[in-house]
Amino acid sequence: MASTETKIGGACGILAAVAMIPAYIVGTPNQPRTLEEAAGYYESAAFFVTANGSLPLLHVLLGLVFLGVLVHVLRRAAGPSGAVYVALAGGVLFFALTSAGFAAEVAYPAAVVRFGEIVLPALAQPLLALSVWSYHYAQIGAAAMILATSLVAFRSTALPTWVAGAGVLGILPLLHLWLPLVAALSSLLWFAVMGVALLVAPTPSTTTDRPAAPATV
């Protein structure tokens, strides 16, 4: 049976995925090609700031809690192995660059909301380009996190055995340059799947405890 800590991490993983839904309803920054399209991408600046700025803060916060619990579960089951640290590094990279992408994407509409019409529409295009490339690199971290987690799940009893099969969701993020929306949704689905896995995961036994020292006379 999963411990309370593991259940909290699982719930945070599911909620982190749900918190991203409004951002995908807004659209993707890959679509605007001209200056007019870039300016029109934001439509209602206030709504965009909420959907792609405020709510994603929950995604990052809940995701970090999920990542911490996940790495704890993996380390208790597999010890300080390379795969565990790859999962940690991949997760940190994913959330750091995702946060940078959100910040770049929301910078223009946030400036419009605060300063009004004095903000030049030409600023929208470079900020969108910066956000897109931040998301590209973030998915490399996601792929590393997903594949490393599946490797640990395959080698140990840290998580249900079907979690290893969820590693296929780590392949699409590597294609983010060509299939950005599909790749991003693949990562998001993995968060939800892993959240469920942590909710039902057995509490792993600790593999790194040292044996007790022999008593001395």
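Student: What distance should the 34 residues of helix 4 (residues 45–78) span, and how far apart are its end C-alpha atoms?

Tutor: Helices here are DSSP runs of H or I with at least four residues, numbered from the N terminus, and the expected span is 1.5 Å times one less than the number of residues. Helix 4 should therefore span 50 Å, and its end C-alpha atoms are 47 Å apart, which agrees. This is a predicted model, in which local features need pLDDT of at least 70, side-chain atom pairs count only at pLDDT 80 or more, and totals for chains, interfaces and linings use all residues. Residues are numbered from 1 along each chain as its sequence is written, and side-chain values use heavy atoms, with hydrogens and water left out.

Student: Where does helix 4 bend?

Tutor: A bend at a residue is the angle between axes fitted to the seven residues ending there and the seven starting there; helix 4 bends by about 30° at P56, and just after the helix G79 takes a positive phi of about 75°.

Student: How is the packing of helix 4 and helix 5 described?

Tutor: Two packed helices are described by the angle between their axes and the distance between the axes. Axes are lines fitted to C-alpha atoms, for helices over the stretch in contact, and angles run from 0 to 180 degrees between N-to-C directions. Helix 4 and helix 5 (residues 82–115) pack at about 170°, with axes 9 Å apart, which makes them roughly antiparallel (under 35 degrees is roughly parallel, over 145 roughly antiparallel, 65 to 115 roughly perpendicular, the rest oblique).

Terms used. Helix = DSSP H or I, 4+ residues; strand = E, 2+ residues; numbered from the N terminus.
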